[in-house]
2 protein chains.
Amino acid sequence: MGSTERIRNVAKRVAKWHRAGHQMVVVPSAMSGETNRLLALAKELEPARPGQAYSRELDQLAATGEQASSALLAIALQAEGLEAVSFSGWQVPIRTNSAYTKARIESIDHQRIQAELATGKVVIITGFQGVDAAGNVTTLGRGGSDTSAVAVAAAIKAEECLIYTDVDGVYTTDPRVVPEARRLEKVSFEEMLEMASMGSKVLQIRSVEFAGKYRVPIRVLSSFTDWDIDLTEEARSGTLITFEDDESMEQAVVSGIAFNRDEAKITVLGVPDTPGIAYQILGAVADGNVEVDVIIQNISKDGKTDFSFTVHRNDLAKTLDLLKTHVAPKLGAAEVVGDARICKVSIVGIGMRSHVGVASRMFRCLSEEGINIQMISTSEIKTSVVIDEKYMELAVRSLHREFDLDQPADTLAVTRG
Amino acid sequence: MGSTERIRNVAKRVAKWHRAGHQMVVVPSAMSGETNRLLALAKELEPARPGQAYSRELDQLAATGEQASSALLAIALQAEGLEAVSFSGWQVPIRTNSAYTKARIESIDHQRIQAELATGKVVIITGFQGVDAAGNVTTLGRGGSDTSAVAVAAAIKAEECLIYTDVDGVYTTDPRVVPEARRLEKVSFEEMLEMASMGSKVLQIRSVEFAGKYRVPIRVLSSFTDWDIDLTEEARSGTLITFEDDESMEQAVVSGIAFNRDEAKITVLGVPDTPGIAYQILGAVADGNVEVDVIIQNISKDGKTDFSFTVHRNDLAKTLDLLKTHVAPKLGAAEVVGDARICKVSIVGIGMRSHVGVASRMFRCLSEEGINIQMISTSEIKTSVVIDEKYMELAVRSLHREFDLDQPADTLAVTRG
């Protein structure tokens with residue numbers, strides 16, 4: 001939420017839904033820029049070796065942003081003539097574990113929320129935060145408000161969880177790369193999860209996990225439309241993220257193309273192919289607190305193998321250093337090489353479960369464009385390739401066309417097996 | 001607290017005390033301007049008829065200011081190499097009643113504070129706020145941080161409660177009016193209470209009441225001295241507000257001169273002198289939510305009397321209107337007149353209890369200056385007069401000299417009876 005003007009618009013939108021007979025629970029984020037402002041103050045005072053105690057205070061500090069915006073939204077709703085009350089995470093309570101700055105929600109007590117709803121009030125609950133068993137304030141990390149909203153929706157068994165964002169829905173791919181990209185009317189939790197994990201920044205990945213687990217339909221829609229847009233129209237806008245078994249799901253093989261260039265590839269060359277190699281390499285990397293994404297072990301030749309994996313680009317130098325200094329000498333590996341100039345492109349779709357040949361159609365398409373595939377990784381509803389970064393736009397556009405994503409799916413002659 | 005630079009200075013000061021072997025609990029106010037900023041946002045969104053629900057959200061909002069400054073101070077202390085933890089009112093908890101925006105502290109649980117102190121931590125507790133029995137956030141009203149500090153000090157039975165303010169102590173009177181005004185080294189709770197109620201703005205009056213009730217010595221001292229001032233010197237600076245039976249109390253008859261020009265005088269003339277008059281006049285005023293200070297009923301003449309009292313200047317017009325329209329006609333009063341050009345000057349001192357003639361010495365002094373006294377009101381340790389506003393400075397300076405307040409009290413040949 002931005003200025004008070006924006007808060008007033010949110011209030012008018014909520015009031016519109018409420019007057020149409022819906023019970024409303026609202027989970028606002030902080031006012032625009034507020035969380036950054038608070039964390040910048042903390043940064044100025046940061047100790048030389050920030051520890052757990054520092055993280056605790058960061059959460060105590062950052063949680064005030066949503067507490068303030070929630071109270072202001074309650075006031076704006078009262079100005080609209082509605083009854084409204086705001087609760088901080090600890091007042092609900094929203095119980096989390098004690099992992100400061102990246103806590104996970106463990107439970108939500110719905111009694112107080114239900115009691116206030118029953119009196120006709122709009123209930124506002126601070127996003128992004130909770131309280132641990134010892135009564136410490138915790139935050140869920142960036143984008144945590146989405147997760148809070150879905151968790152609250154699950155706790156109160158809401159009909160639908162509307163998430164107002166700065167985009168008007170989920171697209172077949174990034175419209176900045178493919179102008180023909182099309183807004184999906186519906187998408188399954190599983191697909192959304194794969195897209196989110198692939199860098200599609202529409203929703204925080206944990207909010208989608210939560211929604212899938214507790215079967216809460218989410219509608220992603222734009223907060224930039226006028227508040228007085230027709231209610232029926234608004235209720236049909238955006239993208240509905242829902243159950244795979246929903247009768248009206250689009251019947252496409254591939255629902256979207258995801259991509260990111262946040263990763264770098266590391267290859268350990270000439271490793272003796274003995275049991276425990278993967279553990280010795282990746283164990284050391286994990287101990288260095290580096291997350292690994294795609295992992296490939298090539299076939300063995302002359303008792304030696306090559307081992308490749310991708311990490312976040314920010315971790316490339318650190319990981320190379322760690323492997324060269326500590327791991328390669330011990331393993332007797334020939335060389336360790338890194339490459340930051342890569343990208344990962346994925347096709348995602350639940351249709352892949354029941355359709356053979358989807359992956360090879362992807363590989364053929366890329367080959368026709370002369371794009372060399374460096375790594376391949378597959379899951380049930382996703383196929384990812386790592387390619388040279390310079391081919392990213394070309395690959396995404398070609399795949400988008402190959403799988404007819406610029407056409408509404410229900411015009412395709414595809415049935416599910 | 002102002003900028004992060006100021007927070008860092010507070011941290012250095014606290015660290016200095018802590019390193020000298022003191023267990024420290026710190027109660028910070030919000031960062032400078034923050035409470036006003038938040039309340040201005042609320043004001044922009046305020047409903048047409050703000051009610052109880054609005055006040056609840058105001059407190060939910062305003063409480064974030066101290067929550068943020070407390071977390072930042074904890075971080076700054078960690079940067080100083082100390083262990084520090086911050087708690088919001090509800091985390092202690094500091095229990096209050098439910099009177100939003102002006103709540104009163106009912107109890108403080110000292111267990112969590114003591115447990116953290118025992119581990120060697122500096123404990124930071126948000127001032128100005130608490131939580132009611134239903135778990136709603138409450139605030140104590142402006143200056144409430146002083147009250148929080150004293151209440152916490154009482155709960156943990158602190159040796160002394162240091163209150164850092166923008167003045168370096170309590171003075172015999174306002175140095176802007178009397179340049180010879182002298183800082184008091186000690187003053188009793190009772191005297192401080194009378195001075196505070198008379199407009200001496202050093203401490204919030206409720207913090208002094210609390211300190212007196214729970215016998216917590218308060219030291220008022222300046223937050224503008226360097227943080228690295230010598231500890232012994234700092235421990236002796238400012239003014240100690242302490243018990244009347246403290247052996248080392250100054251033995252003056254009068255400790256200070258207080259004054260204010262916030263009041264206005266109202267006189268109802270020619271009222272039939274029958275029982276219940278005072279109630280009929282003041283009851284109506286109280287129903288109008290106007291607070292009354294000095295009250296005088298003159299002697300009766302021909303079965304008629306005049307009834308005078310003072311109210312806050314802001315309430316003058318409203319009160320006059322109320323009396324003229326509703327009360328005077330019913331009583332058959334001759335006239336209702338108001339006068340905003342008055343001031344109240346008081347001498348305060350516990351020595352007045354045991355010394356006769358102090359009040360008449362005051363009246364003589366004023367008469368020698370040609371100042372006419374319009375109203376007189378006395379209590380055990382205070383005598384107040386209402387005079388024409390234009391004589392205020394003259395009266396205060398003359399009384400300051402009359403009672404030798406420019407001289408340290410222990411050089412006076414005064415003993416207590």
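Student: At roughly what angle do the axes of helix α9 and helix α10 of chain A cross?

Tutor: In this predicted model, helix α9 (residues 277-287) and helix α10 (residues 316-331) of chain A have axes that come within 10 Å of each other. The crossing of α9(A) and α10(A) is right-handed. The angle at which these two axes cross is roughly 145 degrees.

Student: How many charged residues are in the contact of α9(A) with α10(A)?

Tutor: On the side of α9(A), the residues are Gln280(A), Ile281(A), Ala284(A) and Val285(A), and they meet Thr319(A), Leu322(A), His326(A), Val327(A) and Leu331(A) in α10(A). Sorted by class, this contact has six nonpolar and three polar residues, and the number of charged ones is none.

Student: Are α11(B) and α12(B) parallel, perpendicular or oblique to each other?

Tutor: The axes of helix α11 (residues 358-368) and helix α12 (residues 392-402) of chain B come within 10 Å and cross at roughly 130 degrees. Angles of 65 to 115 degrees would count as roughly perpendicular and those over 145 as roughly antiparallel. The two helices, α11(B) and α12(B), are therefore oblique.

Student: Which residues make that contact of α11(B) with α12(B), and how many of them are charged?

Tutor: α11(B) contributes Arg361(B), Met362(B), Cys365(B) and Leu366(B), while α12(B) contributes Ala395(B), Ser398(B), Leu399(B) and Glu402(B). By class, this contact has five nonpolar residues and one polar residue, and the charged ones number two.

Student: Which element gives the most residues to the side of domain 1 of chain A that touches domain 2 of chain A?

Tutor: Chain A is divided into domain 1 (4-249) and domain 2 (251-407), and their contact takes 19 residues from domain 1 and 20 residues from domain 2. On the side of domain 1, the elements that give two or more residues are β9 (186-188) and α6 (189-197) of chain A. The one that gives the most, with four residues, is α6(A).

Student: What relation between chain B and chain A does their superposition show?

Tutor: Chain B is superposed on chain A, with an RMSD of 0.2 Å, by a rotation of 179 degrees with 0.1 Å of shift along its axis. That is the relation of a two-fold axis.

Student: Which residue of chain B comes closest to the rotation axis, and which element supplies the largest share of the side of chain B that touches chain A?

Tutor: By C-alpha position, the residue of chain B that comes closest to the rotation axis, at 2.5 Å, is Thr64(B). The contact takes 31 residues from each of chain B and chain A, and α1 (4-19), α2 (34-45), α3 (52-79) and β2 (84-87) of chain B each supply at least two residues of the side of chain B. The largest share, 15 residues, comes from α3(B).

Student: Why do the copies meet through the same surface?

Tutor: The side of chain B that touches chain A divides into 18 nonpolar, eight polar and five charged residues. The copies meet through the same surface because the fraction of the interface residues of chain B that are also interface residues in chain A is 100%.

Student: Where does Pro93(A) lie, and what is omega of the cis peptide bond that joins it to Val92(A)?

Tutor: Most peptide bonds are trans, whereas the bond joining Val92(A) and Pro93(A) is cis. Pro93(A) lies in the loop between β2 (84-87) and β3 (94-96) of chain A, and omega of this bond is about -10 degrees.

Methods
Residues are numbered from 1 along each chain as its sequence is written. Chains are lettered from A and ligands numbered from 1 in the order in which they are written. This is a predicted model: local features need pLDDT of at least 70, side-chain atom pairs count only at pLDDT 80 or more; totals for chains, interfaces and linings use all residues. Copies are superposed by least squares on the C-alpha atoms of residues with pLDDT of at least 70 in both. Two residues are in contact if their C-beta atoms, placed from the backbone, lie within 7 Å. Axes are lines fitted to C-alpha atoms, for helices over the stretch in contact, and angles run from 0 to 180 degrees between N-to-C directions. Angles under 35 degrees count as roughly parallel, over 145 as roughly antiparallel, 65 to 115 as roughly perpendicular and the rest as oblique. Ala, Val, Leu, Ile, Met, Phe, Trp, Tyr, Cys and Pro count as nonpolar, Asp, Glu, Lys and Arg as charged, and the others, Gly among them, as polar. Domain bounds come from an automatic or database domain assignment. A crossing is left-handed if the near helix is turned anticlockwise from the far one by less than a right angle, and right-handed if clockwise.
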